[in-house]
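Hi,

Here's the structure I said I'd pass on. Have a look at it below, and then read on for my notes on the cavities and the domain interface.

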Amino acid sequence: MSTTTLNIPTQSTTSTGSNGTRTILNYVGGKWTEARTSGFLPVMNPSIGKQIASVPLSTAQDVDAAVRAAQAAFPVWSSMPIKERVQVFFRYKTLMEKHAQELAALVNEENGKIMSEAMAEIEKSIEVTEFACSLPQLIAGETLEVSKGVECRIDRYPVGVVACITPFNFPNMVPNWTIPNALVLGNTMILKPSELVPLSSLRIAELLKEAGLPEGVFNIVHGGQAAVEALCDNPGIHALTFVGSTKVAKLVYIRATSHLKRAMCLGGAKNHLIVLPDAHEEMTATNVAASMSGCAGQRCMAASAMVAVGASDHIVRRLCDEAKKIIPGKNLGAVISKAAKERIERYITEAEQQGARILVDGRGAKVEGKEEGYYVGPTVIDNVRPDMKIAQDEVFGPVLAIMRAQTVEEALKIENANPYGNAASVFTQSGGVARYVAEHASAGMIGVNIGVPVPREPFSFGGWNESKFGAGDITGKSSIEFFTKPKKTTTKWNPESKVNWMS
Ligand code: NAD
C-alpha cells in the first residue's frame, strides 16, 4: 500500500516507522507517547484511497496510564475557579479561528468530506467553545433562606475523570461537543477518537496546550474496541460519553453503567422527512437534497427517508433535478472507506431487486484523477416500502428512500415505527400541519421546513429512542447536569434561632 505525505499535524505527534509511515502517538500527561501495542491500522485518505498514517490499537495498559495522568491533574484543575479555567477556552477559540483553514484541511484529508463541509464543522466547534465560555454565568449557584436564619445553597462540582469516545464522521466537531464543556466545568478527560480519523485530535491537543491547558487535563488514547472496553472498565473514570452507531452505543452504555459510571451514549439514526404537497417546491427540494447528500450522507442528522404525502410528484421531480446537480469530487465528498462504498451500493441494489425505482443512481461513481477514492453519487429511490431494508437500516451514504403515504397520519405512523429518534422534519406551508407533525413525530430534534435541524447553541443536541441511551443531552445547558454533581449545603450561624422540624 503506498503512502502519501501527511501535511499536518506537526512531527512531534507521530513517530516514523521502518516503512516510512508515520505512526500516531498517544497524548498522556502532556507528552506524546508510543502506545504499548503491536497492533496498528492504516489511516486512509478516502478521497484518493491512499494510506496517510498508522494508528495504534492501544491496550488497557495505555488507558491506565492516561487515567493516572488525568487523575494527577484533577486536584489542581478542579480546584481552580471556573473564571480562571475558562480563560484557556477563550484562547482555544481564538486559536481555532486562527487555524480554521488548516483544521478543516485535516478533516478533509482524513474524512473525505469537501472543504466547505469541513469548514462548517470547525465553525460548529468554535460555536460550542463560545458556549463553554459562558458557563461561569450559567452555573452561578443558587441560595435561598429556607427557614429563619437557615440558608441552603447549591454548588456544582466536577464529576472527575471523564472519557469521550467519538465516531469517524465529525473528527473535529464531535470531540469538541464535550471537550470545552467538560473541562471548563473542572473535569479532566481522556479522548478516544475514531481509529479511522485520529489526526484531528492531535491538532486539538496541540491547540489546547498552546491555549495554556495544564498537562494531564486532556489526554488521548488511540485505538478501537479494546481501548473502549478498557475505558468502560477502568475504575478511575467516573463518566463516559460515546457517539457512534446504535449497536456499539448499547454495548458501551451497558458496560460503562455496569461499572457504575455515569454514561451518555448517542447512537445512529434514520431521519424521516414528511413532505406535504403544499410545501414550497424549491425550498423543499434544495433542503432535502442537501440533507441527504451533505457529508456524503454520513451525518446522524441526514435525511435518509422521505415520506411523500398525497400528490407530491412535482416535489419528487424537482428533488431529482437538485440531486443531479450534486457531483462527486466537486460538491460531494467521499465516503469513509471502500467497505462503506460497497455497503451503500449493496443497499441500493437490494432495494432495486425488491421493486423500488431508482430515480437517481449514484452507484459506480468515479472522480477523474481520484480513481481510487471511495465515491458514491447522490441516489434517490422511489416506491420504497417500509418493510424494505433500505427503509429500516441506517445506510449512512448519500441515499434517500422515498415512501408514499396518503395522509399525514399514515406518514407519522411510518416515522413512529422506526426504532431511531434523532431527527424528523416536515415540509409544508400549513402551520397547523407543521405543529401537528412536530408534536407527534418520535424524535428529539424536529425541523419545520429545515432538512438538518441541528439545534444551535445554547440549545442542546440529542435524540430519542435508539438514538440515545442515558439521560440529558450532550451539549448546551444539559451538559452541565452530565459533567457536574450538585452539592447542597444547609447553613445556620445564629444559635438564637429556634430549632424547627428541619434545622
Ligand atoms: P462506530 O460505532 O463504529 O464507532 C464509534 C466509536 O466506537 C469509535 O471510536 C470506535 O473505535 C468504537 N468502537 C467500534 N466498535 C466497537 C466495539 N465493538 N466496542 C467498543 N467500541 C467500539 O461508529 P462510526 O462508524 O465511527 O460512526 C458512525 C455512526 O455514528 C453512525 O451510526 C452515526 O449515526 C453515529 N453518529 C451519531 C451521532 C449522534 O449524535 N447521535 C453523531 C455522529 C455520529
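Cavities to start with: there are 3 of them with a volume of 30 Å³ or more. Bear in mind that this is a predicted model.

The largest cavity comes out at about 80 Å³. It has 15 lining residues, and G297, R299, A302, S304 and F396 sit closest to its centre. Sorted by class, that lining is 8 nonpolar, 4 polar and 3 charged residues.

The second largest cavity holds about 50 Å³ of space. Around it you'll find Y27, G30, A205, L208, K209, L213, P214, E215 and F218.

Now the domains. The chain splits into domain 1, made of 11-266 plus 463-486, and domain 2, covering 271-448. Their centres, taken over C-alpha atoms, are 31 Å apart. Where they meet, domain 1 puts in 22 residues and domain 2 puts in 27.

How much area is buried between the two domains? About 1,900 Å², with carbon and sulfur atoms giving 60% of that. On the domain 1 side, P46, F168 and W464 lose the most area to domain 2, and together they account for 23% of what that side buries.

The face of domain 1 that touches domain 2 has 9 nonpolar, 9 polar and 4 charged residues.

Cheers

Definitions and conventions: Residues numbered from 1 in each chain as written. Predicted model: local features only at pLDDT ≥ 70, side-chain atom pairs only at ≥ 80, totals over all residues. Heavy atoms only, no water. Domains from an automatic or database assignment. Contact = heavy atoms within 4.5 Å. Buried area = accessible area lost by both parts, 1.4 Å probe. Nonpolar A, V, L, I, M, F, W, Y, C, P; charged D, E, K, R; others polar. 1 Å grid on protein atoms, 1.4 Å probe; cavity = no way out; pocket = protein on both sides within 12 Å on 5 of 7 lines; lining within 4 Å. Points joined across faces, edges and corners; volume = space filled by probe spheres on them.
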